[in-house]
Amino acid sequence: MSNIGAQHLTRRGLLGAGGALALGALISACGSGGDASGTASPGGAWTFTDDRGTEVRLKARPQRVVGYVGTAAALYDFGVDRQIVGVFGPTKLKDGKPDPQAGNLPVDRLEIIGNAYGEFNIEKYAALRPDLLVDNMFLPGELFYVPAESKDKIFALAGSVAISAGAVALPKPIERTAALAAALGADLKSAKVTAAKARFDKAVEALRAAVKAKPGLKVLAASASPDLFYASSPAKNTDLIYFKELGLDLIEPDKVSKEGYFENLSWENADKYKADVIMLDSRTQALQPKDLGSKPSWKDLPAVKAGQVIAWQPEPRFSYEGCAPILEALAASLQSAKKTG
């Protein structure tokens, strides 16, 4: 997941044609507020088995949920609302506007207990009287943006649920987030959710068609920082795994870091992989094309010369509403892309 790994991780085909059946089974299992790994009943005990294999058992359905901003935003898309009381992770920009990773969250209503990596105010967290902590998990057993040095204190305050967001294809974390939302009481049969699912399915087919129409087009997913250019691996990033399943010819870096998400390249070696299209990390912590004018190697890349650099969100919001626009935008970009060599 590009420089998310460089800055953070080093320190710490499930749908497709069967999509309707998969969601149907999920709705059947979860419509009353549970899933195959979670159960809940109004006023009764609540359990949920997360992607660590950890079963959370509470006396009642959680009413005060604190989460990593991306996880909370995806739950919100599925209909979890007032139960979300606090968030951590990139939530507000410097100008006070919501960070894109906050999605549709009503951020001004929420307590922000940390807005950047390494920030997690345990006192604010405790004051929220949390019933449940929810988070994405890119490395086994590690909850994203939860500081390793204080995790024991944090986990002692409330149960936690982790959604696996690494080395699985994109539909899986969406399904698991939907299952958690249902266990928290969300209605997966609502018009909003079913419309988002239909849009996602349509976007999948549009991307599949766009890829098929451009055989041989080579794509590199990457991220930029002042000192390094990161070539991301389609074997670990959940969206890239899925794009590859849909036929996209993604370049696989050959010397990835031990976590497996990316290869660190000096700017002098940024041209190691010849790509017709570059998908460039668009998150606020990464450098954007406008910031890269001083890097001669950047300007010399074939994809840059051809004007074929497109925005990439390495941390998709794991909801149908969050991911459909990503697939639509990629399909549209590929339709106009050409081989550079």
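Which residues does M279 touch, not counting residues up to four places away in sequence? Keep that in mind as you open the structure, which is a predicted model.

**Stop 1: M279.** Select M279 and show its side chain. Leaving aside residues up to four places away in sequence, M279 touches V219, L220, A221, A222, L240, F243, L248, L250, I310, W312 and L330.

**Stop 2: the largest nonpolar core.** Now widen the view. The largest nonpolar core has 88 residues. Within this core, F200 and M279 touch the most other members. Next, select helix α7, residues 191-212. Helix α7 gives the core 8 residues, the largest share. In soluble globular proteins, nonpolar side chains tend to be buried together.

**Stop 3: a second core.** Select A222, A224, Y273 and A303. They are among the 17 residues of a second, separate core.

**Stop 4: the largest cavity.** Rolling a probe the size of a water molecule over the atoms shows where empty space is left. The largest cavity has a volume of about 40 Å³. To find it, select its lining: L220, F229, A270, Y273, A275, I278, L301, P302 and A303. What kinds of residue make up this lining? It has 9 nonpolar residues, no polar and no charged.

**Stop 5: the second largest cavity.** Select D77, F78, V193, A196, S319, Y320 and E321, which line the second largest cavity. Its volume is also about 40 Å³. Here the lining divides into 4 nonpolar residues, 1 polar and 2 charged. Finish by selecting helices α7 and α11 (320-336): each supplies at least two residues of this lining.

Conventions. Residues are numbered from 1 along each chain as its sequence is written. This is a predicted model: local features need pLDDT of at least 70, side-chain atom pairs count only at pLDDT 80 or more; totals for chains, interfaces and linings use all residues. Side-chain values use heavy atoms; hydrogens and water are left out. A nonpolar core is a set of buried Ala, Val, Leu, Ile, Met, Phe, Trp, Tyr and Cys residues joined through side-chain atoms within 4.5 Å. Buried means under 20% relative accessible area, exposed over 50%, partly exposed in between (1.4 Å probe, protein chains only). Helices (H or I, at least four residues) and strands (E, at least two) are DSSP runs, numbered from the N terminus. Contact means heavy atoms within 4.5 Å. On a 1 Å grid over the protein atoms alone, a cavity is a set of points where a 1.4 Å probe fits but cannot get out, and a pocket is an open set with protein on both sides within 12 Å along at least five of seven lines; lining residues have an atom within 4 Å of a point. Grid points are joined across faces, edges and corners, and a volume is the space filled by probe spheres set on the points. Ala, Val, Leu, Ile, Met, Phe, Trp, Tyr, Cys and Pro count as nonpolar, Asp, Glu, Lys and Arg as charged, and the others, Gly among them, as polar.
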